[in-house]
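Visitor: Please show me the structure, and then let me ask about its parts one by one.

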Amino acid sequence: MTEQELVSRAKAGDQGAFEQLVLDNQNRVYSLAFRMVNDREEAADLAQEAFLKAWQGLPAFQGGSSFSTWIYRLTTNVCIDHIRKQKRRQENLATLSLDDEERTWPEPADWEQDPQRRLERAELNRAVARGLESLPDHHRQVLVMRELSGLSYQEIGHALGLDLGTVKSRIARSRLALRKILEREGNFSFPSSSNPAVEKKRR
Amino acid sequence: MEHCERCTQLLSVRLDGELTAREAQELEAHLARCPECRALAEELEAIHAAFLALEDISAPEGFARGVMERIEAETTPKVIPLFRRPQFRALAGLAACAALCLGLYRAGLPALPDLAAGEQESMTVASYAAAEAAEEKVEAPQYSIARDMDMDGAADDCKGAVTPPYDPGEEKENLARNDFALYAMTTADGEAAPKEKAALEERAAPSHYAFSNDQYLRVSWREELDASAAVILGSPEELADYLARFPGDDLSALSENYDESFFETGRLLALVVTEPSGSIRHELAFQGLLQDQVTVERLVPEEVTDDMAAWLILAEVDATFSAGHTLKVVLEP
């Protein structure tokens, strides 16, 4: 059965059809939630909430976009809500400078010694996924919103209560921080950038 | 160094396809003479590309089943039955209380001439219309979900799923109309109730909103306290204005707790409940918070004192509620 058929059945109240839609989309939705909040239990809860919202919103779902696009968007929204609530709770703890210009990652000692470490694409993807998990929340969240949810700068600013300039610079710093993590873990380097001194300069 | 930091940002903005022509020129010029930044560009592009190909993580065992259970729990509604239960009709019993509140409210607001005592009949007609208007308002959470249906790729408003568009001007009008609606529900029970009931049954369980840190503060009872609507406070100034309604009570701790930083992301739901007895306690109903309505459960002990009491109820909500927004207060039972 196509997604469209499942959607029309679900709209007519067929829970079995909706369950199939859940099964078809659950990994994507769960992955997005996990990458947003970096906690498996929370991610499962938020992903389920997104599907619940989808069920509630189905009667009005016009099919202007595919169900999978729509549920992805709902998941983003549910996660953003969660992050905003969490942010407020954590604000007292997070008085440490969020924009970590001063922060440096230790440079890997064997930076140059291993020129054949250029990873295959699949391995790089996995490394990025892992690296993402090690990023601090404020870096990971903007990157996921931008790269996975495809939100505009404006939308991200709106979601996180940041001005456009801060969104731009935070995304740039997050990319830089992710790159640093990948290098530090020794699973990401490019032969073309082979001068550690350059790294120091760039911080 | 500063220059390269500028370059990092431009590279990042380029990946997002947001460079202006001038910035693109600037970046190209810099890349042409800075091999380090060219290398950086390559690396950041590789990371950007890797995002597109990230593997999905498997959802935990029983995930879909869990969703279906939650759906079942939701469709066995927790909000609607309130109106199906006999208690809904027993709202008639509440009528006296609400009428009293309304009366007090009116006494405190002489500026509402169309509520003059001689116009009872026309007011009832008006209140039916208002009740209908209020019903439409209650649908807001559903509408807000509907808003997201139309999005294609880059969608409109990132908090759209939970935040309906909001027109403060319209809300101000509705504050008065909501007062009428409460009156209609509680005094015209026999006729208005089936209407409400049918309307409520027609739609699926409305999605409710989360609240936290609800607090219940007894304040000095005064005739002019308005218990018909809750309001969303969005800044320390609005909180201060609101608290000014309770001149005899020391509520300074609230102002200290809810400062500028709280309101950056949070909002406060504030309402007053007046009771003929101080021994009646209250609780915001679990799943009782909708975009335009909040349900307060009354906990009435077997024996009550007969002192008049007023309670200030506050709860933290998120910024999906707009400051200045008013919500109808439904007392249950």
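**Helices, core and sheet**

Guide: Leu124(A) has its place in helix H5 (residues 121–134) of chain A; helices (H or I, at least four residues) and strands (E, at least two) are DSSP runs, numbered from the N terminus. This is a predicted model, in which local features need pLDDT of at least 70 and side-chain atom pairs count only at pLDDT 80 or more, while totals for chains, interfaces and linings use all residues. Residues are numbered from 1 along each chain as its sequence is written, chains are lettered from A and ligands numbered from 1 in the order in which they are written, and side-chain values use heavy atoms, with hydrogens and water left out.

Visitor: Is Leu124(A) buried or exposed?

Guide: Buried means under 20% relative accessible area, exposed over 50%, and partly exposed in between (1.4 Å probe, protein chains only). The relative accessible area of Leu124(A) is 10%, so Leu124(A) is buried.

Visitor: How far apart in space are Leu124(A) and Leu182(A)?

Guide: In sequence, Leu124(A) and Leu182(A) are 58 residues apart. From C-alpha to C-alpha, their separation in space is 9.1 Å.

Visitor: How many helices are there in chain A?

Guide: From the N terminus on, the elements of chain A run α-α-α-α-α-α-α-α-α. Chain A has zero strands, and its helices number nine.

Visitor: What share of the residues in chain A is buried?

Guide: Chain A has 203 residues. The buried residues among them make up 55%.

Visitor: Which residues does His82(A) contact, leaving aside its neighbours within four places in sequence?

Guide: His82(A) is in helix H4 (residues 67–90) of chain A. With a relative accessible area of 16%, His82(A) is buried. Contact means heavy atoms within 4.5 Å. Leaving aside neighbours within four places in sequence, the contacts of His82(A) are Val37(A), Glu42(A) and Leu46(A).

Visitor: At what angle do helices H6 and H8 of chain A cross?

Guide: Two packed helices are described by the angle between their axes and the distance between the axes. Axes are lines fitted to C-alpha atoms, for helices over the stretch in contact, and angles run from 0 to 180 degrees between N-to-C directions. The axes of H6 (residues 137–148) and H8 (residues 164–184) of chain A come within 9 Å, and they cross at roughly 105°.

Visitor: What is that arrangement of H6(A) and H8(A) called?

Guide: Angles under 35 degrees count as roughly parallel, over 145 as roughly antiparallel, 65 to 115 as roughly perpendicular and the rest as oblique. H6(A) is therefore, relative to H8(A), roughly perpendicular.

Visitor: How do the residues of the contact of H6(A) with H8(A) divide?

Guide: Among the residues that meet are Val142(A) and Leu143(A) in H6(A), and Ile171(A) and Leu178(A) in H8(A). Ala, Val, Leu, Ile, Met, Phe, Trp, Tyr, Cys and Pro count as nonpolar, Asp, Glu, Lys and Arg as charged, and the others, Gly among them, as polar. The contact of H6(A) with H8(A) divides into five nonpolar, three polar and five charged residues.

Visitor: Which residues does Phe51(B) touch, not counting residues up to four places away in sequence?

Guide: Phe51(B) is one of the residues with the most contacts inside the largest nonpolar core. Not counting residues up to four places away in sequence, Phe51(B) touches Val128(A), Leu132(A), Leu143(A), Glu147(A), Leu148(A) and Leu178(A).

Visitor: In what order do the strands of the open sheet in chain B lie?

Guide: Two strands pair if DSSP finds at least two bridges between them. Seven strands form this sheet with mixed pairing, in the order S1-S6-S3-S2-S7-S5-S4.

Notes
Core = buried A, V, L, I, M, F, W, Y, C linked by side-chain atoms within 4.5 Å.
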